[in-house]
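Have the structure open as you read.

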Amino acid sequence: MRNSLLEELEANGYAVIEDFLKPDEIEQLLEAEGAIDEKGELKLDPLNALNKVGHALHTDIPVFQNITCCDRVREICWQLGYKRPAVPQSMYIYKNAGIGGEVIPHQDASYLFTEPNSTLGFWIALQDATQQNGCLQFIKGSHKSGVHRRYIRNPDTKSEELLVYDRAAPIYPQSSFTPLPVNAGTLVLIHGNVVHKSDLNRSNKSRHAYTFHIVETQNTKWSEENWLQPPKDKEFPIFYEAE
Ligand SMILES: O=C(O)CCC(=O)C(=O)O
């Protein structure tokens with residue numbers, strides 16, 4: 001692992017670690033979601049296939065739990081200075097061939113807000129992610145511009161809308177995004193404030209990914225306005241503690 005990880009993350013708002021997963025680990029995660037056959041083809045009718053599955057794979061499914069709390073993840077937490085990170089959520093994103101939906105431009109901290117900001121996404125490609133099948137795209141350096149809007153529990157408790165944005169969606173020009181094609185097994189670290197998105201998958205190749213987030217718990221407050229809250233009187237699972 002490189003010493004420049006923190007520098008890369010601080011400069012761009014994301015950092016790339018190739019070959020983070022070994023081929024047999026990729027296979028285990030692909031098989032655990034059961035939607036593709038041994039040739040890598042989708043087993044289901046694409047129209048019935050899922051878009052994503054969440055948010056407790058890291059606690060409820062052993063193969064995902066093993067990757068989420070593996071030594072390589074702990075090493076990254078250590079390198080980036082996390083003291084006692086928790087994992088509030090995880091997701092398997094399918095982005096299936098021909099139908100995989102667009103993920104609109106957003107900052108993860110809009111949804112998983114802490115004070116001070118500590119949200120970090122771990123996004124792992126389980127299949128090659130290309131410009132054709134909807135790889136991630138980033139506005140480099142946008143993590144330096146604060147959190148642009150938040151998705152919160154509606155303070156108007158009489159409203160039928162339980163969750164609302166506190167501001168309108170900002171407009172980000174397409175020309176400001178840099179596509180990030182990566183091979184299967186690559187880990188992309190995503191700063192909580194960096195603006196990113198992914199386009200529709202119009203190609204004939206699916207683009208599966210496993211992603212989870214960490215947040216610091218030491219001297220850091222998880223917002224009570226976040227849509228996601230830990231079970232009553234419990235913390236989100238802690239997978240690493242600095243000595
Ligand atoms: O996998 C994707 O296409 C988008 C993932 C993403 O934006 C996220 O995990 O925050």
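D233 lies in the segment after strand 14; helices (H or I, at least four residues) and strands (E, at least two) are DSSP runs here, numbered from the N terminus. Keep in mind that this is a predicted model, where local features need pLDDT of at least 70, side-chain atom pairs count only at pLDDT 80 or more, and totals for chains, interfaces and linings use all residues. Residues are numbered from 1 along each chain as its sequence is written, and side-chain values use heavy atoms, with hydrogens and water left out.

Back to D233: its phi is near 60°, a positive value in a residue other than glycine. Most residues other than glycine have a negative phi, and most peptide bonds are trans. D233 counts as exposed because its relative accessibility is 76%; the cut-offs are under 20% relative accessible area for buried, over 50% for exposed, and partly exposed in between (1.4 Å probe, protein chains only).

The segment after strand 14 (221–222) also holds S223. With a relative accessibility of 9%, S223 is buried. Skip its neighbours within four places in sequence, and S223 is in contact (heavy atoms within 4.5 Å) with F113, R150 and Q229.

Now try D19, in the loop between strand 1 (14–17) and helix 2 (23–32). D19 isn't a glycine, yet its phi is positive, near 50°. D19 has a relative accessible area of 66%, so it is exposed.

Where is P116? Look in the loop between strand 5 (114–115) and strand 6 (120–125). The peptide bond leading from E115 into P116 is cis, with omega near -5°.
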